[in-house]
Amino acid sequence: MKDITTIVFDIGNVLAGFDWRAYLKTFGFSEETQKRIAEATFLGENWREVDRGVKTDKEIYKNCLCEIPDLEKELSLVWEGRTSIVKEYEYASGWIQLLKERGYRVYILSNYGETTFAEARKTFSFLQYPDGMVISYEIKHIKPEREIYEVLIERYHIIPEQALFIDDLAVNIEAAQKMGFQTILFTSKEEVEQVLNGLPVIS
């Protein structure tokens with residue numbers, strides 16, 4: 001890692017936990033029911049459409065229901081509470097502030113739906129600290145599509161070769177690398193922190 005001036009964070013499972021498995025378990029459904037609901041929502045194309053922001057919540061819910069029509073009651077309960085799934089990590093705000101104090105520009109690039117991000121704006125304290133954000137539903141493109149990285153670069157005049165992109169999904173990391181970003185696949189804060197602590201203070 002060299003010549004880094006900019007840090008770009010994903011949100012889910014990097015700055016905030018997206019533990020949909022634990023969320024599903026809270027309902028007491030059978031393993032089979034949990035599996036089917038997950039496949040119709042969090043693991044499938046329907047959830048990517050939530051993040052893309054082209055279809056309405058009502059349209060996406062209807063598509064989910066078409067996949068599991070016999071689980072309408074269960075799906076309704078899961079869908080109703082979906083905005084509460086993602087929980088801010090305690091370290092998120094302090095981490096961003098520390099990097100900014102060391103002279104780095106910090107941005108967020110995240111896949112997020114409009115309804116769920118509206119709730120995040122109310123509850124995530126770290127969102128006040130980045131120098132800017134690109135959220136998928138706002139631009140109708142999701143990672144790992146090239147366009148979402150291009151918007152980030154152009155909007156904030158980022159030089160990819162001088163930027164470090166941090167995400168928990170390999171497919172998003174690979175897409176960022178193709179755009180010229182230096183990258184870290186997030187597995188734990190401690191591992192990423194070792195790399196960031198090795199970067200020089202630039203202010």
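**Entry 1: a pair in helix α2**

I looked up Glu39 and found that Glu39 forms a salt bridge with Lys35, with the closest N and O atoms 2.8 Å apart. By salt bridge I mean a side-chain nitrogen of Lys or Arg within 4 Å of a carboxyl oxygen of Asp or Glu. Side chains of opposite charge can pair when their charged atoms come close.

I note that the model is predicted: local features need pLDDT of at least 70, side-chain atom pairs count only at pLDDT 80 or more, and totals for chains, interfaces and linings use all residues. Residues are numbered from 1 along each chain as its sequence is written, and side-chain values use heavy atoms, with hydrogens and water left out.

Both Glu39 and Lys35 lie in helix α2, 4 residues apart, about one turn of the helix. Helices (H or I, at least four residues) and strands (E, at least two) are DSSP runs, numbered from the N terminus. Glu39 is partly exposed at a relative accessible area of 39%, and Lys35 is partly exposed at 46%. For these words I use the following limits: buried is under 20% relative accessible area, exposed is over 50%, and partly exposed is in between (1.4 Å probe, protein chains only).

**Entry 2: further salt bridges**

How many salt bridges does the structure hold? I recorded 13.

One of them joins the side chains of Glu45 and Arg48, at 2.9 Å from N to O. These residues are 3 apart in helix α3, so about one helical turn separates Glu45 and Arg48. Glu45 is partly exposed at 41% relative accessibility, and Arg48 is partly exposed at 38%.

I next examined helix α11 (residues 189-197), where Glu193 and Lys189 lie 4 residues apart, about one turn of the helix. Their side chains meet in a salt bridge of 2.6 Å, N to O. Is Lys189 buried or exposed? Lys189 is buried, with a relative accessible area of 15%, whereas Glu193 counts as partly exposed at 22%.

I also found a network of salt bridges that links Asp10, Lys143 and Asp167.

Which residues of helix α4 (residues 57-67) are buried? I listed Ile60, Tyr61, Cys64 and Leu65. They lie on the same side of α4 because they cover an arc of only 140° around the axis; the arc is that of the directions from the helix axis to the C-beta atoms. On the other side of α4, I found Lys58, Lys62 and Cys66 exposed. The cover over the buried residues of α4 includes α2 (31-40), α3 (45-52) and α5 (72-80).

**Entry 3: the nonpolar cores**

I then turned to the nonpolar cores, each a set of buried Ala, Val, Leu, Ile, Met, Phe, Trp, Tyr and Cys residues joined through side-chain atoms within 4.5 Å. The largest has 31 residues, of which Ile7, Phe9, Phe126 and Ile166 touch the most other members. Among the elements that each supply at least two residues of this core are β1 (6-9), β4 (105-110) and β6 (163-167). Helix α6 gives the most, with 4 residues. A second, separate core has 20 residues, including Trp20, Tyr23, Phe42 and Val78.

**Entry 4: Thr116**

Finally, I looked up Thr116, which is found in helix α7. Thr116 is buried, with a relative accessible area of 10%. Leaving aside neighbours within four places in sequence, Thr116 is in contact (heavy atoms within 4.5 Å) with Arg82 and Thr83.
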